[in-house]
Structures are given as structure tokens and as C-alpha cells.
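Please look over the sequence and the structure before reading on.

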Amino acid sequence: MKKALLLVAIVIGLASCKKEKNAQVTPGLFGRWELAYVHGGLAPARAITNSGNMYQFNSDSTYVKYLENKVTASGKFNIKITETRDTLKFGRITFTNPDYSDAWTETPQSIIIGTSIADGPSYQYFKVRSK
């Protein structure tokens, strides 16, 4: 009986261990994301439509950045999730070429790069659906 209780305690202990969320990207991230809103400063959010400003995130941890439908950067990316609240994930995204890191928020419908804290801009992207 003592062995059975010990085994149950070990199983419960192992099941309650938290795994660190580091650089694991949800499969829903892969694809193109187009800029939809710019937040920050004292002005309200500005809607952006059909600007051609996009990120393409690939499953091999590479990205391509487009401004006005022209490639302006490409390289590797890494996302480190530091906090999860309900369906929101918060952390940092790091890009190579050029080396750049910024705040990251992932919602079920969008991603946000940057932070509006201290009047800085943040950029909200929505996934471009394949046709």
C-alpha cells in the first residue's frame, strides 16, 4: 500500500511540473500576417488597410518582412513566451538580419509587435487567409 501511495505521489508531482515555454511557436503562427492597426502615443489606434506591410513566419523559424509588398528584411526569428493569461501570450520576439528584439503579444486572432508603454508604437497584425 505504501508503494502504491508513493507511486501516486510521484505521478502527481511529475504531472504538476511546469515546462518552460521557450521558443515554441504555435502552428497557427506560420503564414503571412498583414498590418491592421498602429497603436501608441496620444492618438487613438490607426487602422491600416491594404498597405502591403506584412510578416511571413515559417515553420523553420525563418521570417520575411514586407513593406509595401517589397521584401525589406529576412532571417531567423525566436519567440520567448514569458507569461500566459487566458488566451493571451506575452513575451519577446527576436529577429536576425537586422538584429532586433521587441515585445510580443499573441491573441487568438492577431499578433502585436511592440509596446505602447511610454508612448512607443505597437503594430497589430492579422493573419492573411489563403485563398
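The text below covers the chain as a whole and then its largest pocket.

The structure is a predicted model. It holds one helix and nine strands.

The chain has 131 residues, and 31% of them count as buried. A residue is called buried when its relative accessible area is under 20%. The chain exposes about 9000 Å², and carbon and sulfur atoms supply 57% of that area. Among contacts with a separation of 6 or more, 36% are between residues 24 or more positions apart.

The largest pocket contains about 220 Å³ of space. Its lining is made of 15 residues, and those closest to the centre are Tyr55, Lys65, Phe95, Tyr100 and Tyr125.

Strand 4 gives the most to the lining, with four residues. Sorted by class, the lining of the largest pocket has 13 nonpolar residues, one polar residue and one charged residue. Tyr and Phe count as nonpolar in this sorting, whereas Lys counts as charged. The one charged residue of the lining is therefore Lys65, which is among the residues closest to the pocket centre.

How values were computed: Residues numbered from 1 in each chain as written. Predicted model: local features only at pLDDT ≥ 70, side-chain atom pairs only at ≥ 80, totals over all residues. Heavy atoms only, no water. Helix = DSSP H or I, 4+ residues; strand = E, 2+ residues; numbered from the N terminus. Buried < 20%, exposed > 50% of the residue type's maximum accessible area, 1.4 Å probe, protein only. Contact = heavy atoms within 4.5 Å. Areas by Shrake-Rupley, 256 points an atom, 1.4 Å probe, with all protein chains shown as cover. 1 Å grid on protein atoms, 1.4 Å probe; cavity = no way out; pocket = protein on both sides within 12 Å on 5 of 7 lines; lining within 4 Å. Points joined across faces, edges and corners; volume = space filled by probe spheres on them.
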